[in-house]
Amino acid sequence: MQTVMVRGRVFNYSHTIGRGATAGPGFRHPVDLALGDENTIYVLNRGDEFQACQRVSVVTMDEEFIRDFGGFGDGDGQFTWPAAIALDKEGNAYVADEWLNRISVFDKAGNFLNKWGTPGTGEGELSGPGGLVFDEDDNLYITEELNHRVQKFTRNGKFLLGWGKGGTGQGEFDHPWGIALDSGGDVYVADWHNDRVQKFTPEGQYLATFGTSGNDKGQVHLPSDVAVDKDGDVYITDWWNNKVEVYDADGVHLTTFLGDAEQLSKWAQAAVDANPDYVKARLRVKSLEPQWRFTRPTAIEIADDGKVLITDNQRARIQIYQKESDWVDPQFNL
């Protein structure tokens, strides 16, 4: 178990969930996730042009498979290029589709309820919805990659407000992707092609920027998502550089996660154990360390108990860290 101690914080690597699969217990290009009640996780699978397995997988934190729902297509309850998922206070799942420019809504059991969204560039219209997050009033913020902006709607799709335009200045975006809120309701947007995360008030007033462009620790290149924990620390998934950068509330860099999945997930280990050729092939490899690391991390969520969940897109899994709230160093000078 990897342990990181930095500036009064302690992060322990916890475990991994997932393996490559087109249905059932496993993922195929997981692009986003949302946390439900009773330790459930809703994982949005994008699939690809070779395997059309767009769906939502519902699993537990202990890697128990519950169900999946959705499918490929443009009909009700189907997805073509799903990008984001979020849950309202009733536990209904909202899925953004970049290609269809709409939001599809499902109940807890995965039954299709309704859809909304009109393609376009006008106020309240959508073009490339890429990130979703609900506020305390169950209003939904949406990033739009192609309109380079953020819009806010009621959960039924009524437009409330919006801000942003294409550009590199403060409050401007270049293909924004992930979005998150902090405990005060301020909005954080992963400004993908501008290599930064921008922070705003709930009404869209610019406040701050996190991250600088680059490939070194503390820098980001094509950040795909952002999350903020209850202490105000900010986590950014660096899609291009295959890492996660962590900053304090003032933007001071704290640490970097590279991925620490030394142990296979339960699903992956069962698949290996069932195939002697897999076992032999792994024994022939000099080092399995590359397998531990992130490959195109796309999304990040933080549970109330401090668990940090990161979708490892190309490796079809979720890596989980634990931020410890009551860590005490043992006393060795007895």
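The side chains of Arg 28 and Asp 48 form a salt bridge, at 2.8 Å from N to O. The term means a side-chain nitrogen of Lys or Arg within 4 Å of a carboxyl oxygen of Asp or Glu. Arg 28 sits in the loop between strand E2 (9–17) and strand E3 (30–35), and Asp 48 in the loop between strand E4 (40–45) and strand E5 (55–60), so the contact ties together parts 20 residues apart in sequence. Strands (E, at least two residues) are DSSP runs, numbered from the N terminus.

This is a predicted model, in which local features need pLDDT of at least 70 and side-chain atom pairs count only at pLDDT 80 or more, while totals for chains, interfaces and linings use all residues. Residues are numbered from 1 along each chain as its sequence is written, and side-chain values use heavy atoms, with hydrogens and water left out.

**Salt bridges**

Over the whole structure, a search finds 24 salt bridges. Lys 108 and Asp 37 make one of them, at 3.2 Å from N to O. This pair links distant parts of the chain, 71 residues apart: Lys 108 lies in the loop between strand E9 (102–106) and strand E10 (112–116), and Asp 37 in the loop between E3 and E4. Arg 293 and Glu 289 also meet through their side chains, at 2.6 Å from N to O. Elsewhere, salt bridges with shared partners join Arg 9, Asp 229, Asp 231, Asp 233 and Lys 323 into one network.

The table gives the exposure of the paired residues. Buried means under 20% relative accessible area, exposed over 50%, and partly exposed in between (1.4 Å probe, protein chains only).

| Residue | Relative accessible area | Class |
|---|---|---|
| Arg 28 | 25% | partly exposed |
| Asp 48 | 11% | buried |
| Lys 108 | 41% | partly exposed |
| Asp 37 | 44% | partly exposed |
| Arg 293 | 23% | partly exposed |
| Glu 289 | 35% | partly exposed |

**An open sheet**

Four strands build an open antiparallel sheet, ordered E15-E16-E17-E18. Strand E15 (176–181) and strand E18 (206–210) are its edges, each pairing on one side only. Pairing requires at least two DSSP bridges between two strands. Neighbouring strands of this sheet are turned by 25° against each other on average, direction ignored. The axes behind such angles are lines fitted to C-alpha atoms, and angles run from 0 to 180 degrees between N-to-C directions.

E15 pairs with strand E16 (residues 187–191) over four bridges, in the antiparallel sense. Leu 181 stands opposite Val 187 in E16.
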